[in-house]
Amino acid sequence: MRHPRRARNIALGFFIFGLIATPGVFLIQDGSIPTAWHTALFIAGIMSLLFGGVLALQQHFEARAHERLLRGEGVIARWRIDPLAWQAFLGLNRQASAEKGALLNQLTLMKEAPPGGIEIIVARDGVLVGGDFMHVPFRGTPRVESVFRLRNDQSACIELNLYYPSARYSPTRLALRYPIPVRAEDLAAKLVAHYQASELATRGKPGIAFRKPKLFRNISSIIVLLCAASFAGGLLLKENHELGDLPLFMAVVGAVAGIGAAILLLIVQIKIMVDRKADG
């Protein structure tokens with residue numbers, strides 16, 4: 001089961017830890033703790049600040065989409081699958097998963113449906129199957145690459161192939177399958193039309209950093225150099241008490257922003273190398 005709000009709060013906890021630990025490292029007196037612990041705390045703080053912040057932001061968008069769906073905003077259709085139909089869908093899902101080249105279904109599928117069945121809600125930005133929410137924005141990540149209607153004599157379902165451009169040179173593709181009533185032709189056509197419109201709206205549009213990779217590489221390089229200068233300056237001015245907390249902020253901001261810019265620089269540089277190799 002996916003719980004975007006819980007995941008957001010956990011990621012936010014890591015971000016807050018990083019926010020406290022990273023500057024806190026510079027307030028610890030030299031020699032008060034072993035150097036290895038001092039270094040480990042700094043690294044843990046930086047990583048928590050970067051990855052916790054990014055994940056918290058991502059989960060925040062998912063939580064908002066989930067809350068909008070629960071309020072009924074942007075709902076396209078909703079229906080209920082009874083226990084027998086759910087078991088038939090599980091068989092269809094196993095059949096589809098066994099096909100060569102099939103993608104993994106992201107939904108956490110219950111082995112048995114409750115007596116009252118399972119409610120399914122499809123909204124513009126997500127799908128709720130029972131208590132399992134999957135964020136599928138009309139524009140955004142993940143991107144709908146294709147949509148299919150799968151069926152046999154006992155069941156039918158919608159299958160989405162989703163594209164996660166976490167790194168342009170190594171994308172991730174996963175599937176999303178959820179059941180629909182067998183003879184609901186109008187519902188199936190409505191859902192397929194929605195996802196096809198989503199696919200057309202985002203087709204062939206790479207992330208902004210990959211539209212002009214050389215420009216972003218140069219900008220990232222400049223940012224890395226400026227952040228390195230800020231970090232080094234903060235360390236050199238650490239003992240100058242007349243400046244107050246300014247050296248601390250210089251070092252922290254330089255380290256955090258520099259690591260983020262360096263990661264972006266690495267990703268864009270790999271993209272440029274892959275493009276050059278493809279062009280021969």
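Strand β1, residues 75-81, is joined to strand β2 by 6 bridges, and the two run antiparallel. Two strands count as paired if DSSP finds at least two bridges between them. Helices (H or I, at least four residues) and strands (E, at least two) are DSSP runs, numbered from the N terminus.

A word on the source. This is a predicted model, where local features need pLDDT of at least 70 and side-chain atom pairs count only at pLDDT 80 or more, while totals for chains, interfaces and linings use all residues. Residues are numbered from 1 along each chain as its sequence is written, and side-chain values use heavy atoms, with hydrogens and water left out.

Back to β2. Its next partner is strand β3, residues 126-129, joined by 4 bridges and again antiparallel. β2 and β3 form a hairpin, with 2 residues between them. Here V122 stands opposite V127 of β3.

Is strand β2 enclosed or open? 5 of the 6 residues in β2 (residues 118-123) are buried, so the strand is largely enclosed by the rest of the structure. Buried means under 20% relative accessible area, exposed over 50%, and partly exposed in between, with a 1.4 Å probe and protein chains only.

Now the open sheet. Three strands, in the order β5-β6-β7, pair antiparallel. β5 (143-151) and β7 (172-180) are at the edges with a single partner strand each, so one side of each has no neighbour in the sheet. From one strand to the next, the twist averages 20 degrees. Strand β6, residues 156-164, pairs with β7 over 9 bridges. Within that pairing, C157 has P179 of β7 as its bridge partner.

Which helices pack on this sheet? Helix α3, residues 83-97, touches β5, β6 and β7, and its direction makes about 150 degrees with that of β7. Helix α4, residues 185-202, also touches β5, β6 and β7, at about 160 degrees to the direction of β5. Contact means heavy atoms within 4.5 Å. Axes are lines fitted to C-alpha atoms, for helices over the stretch in contact, and angles run from 0 to 180 degrees between N-to-C directions.

Q196 has 42% relative accessibility, so it counts as partly exposed. Q196 and V144 are 52 residues apart in sequence, yet 8.1 Å apart in space, C-alpha to C-alpha.

Last stop, helix α1, residues 4-27, where L12 is found. At 38% relative accessibility, L12 counts as partly exposed.
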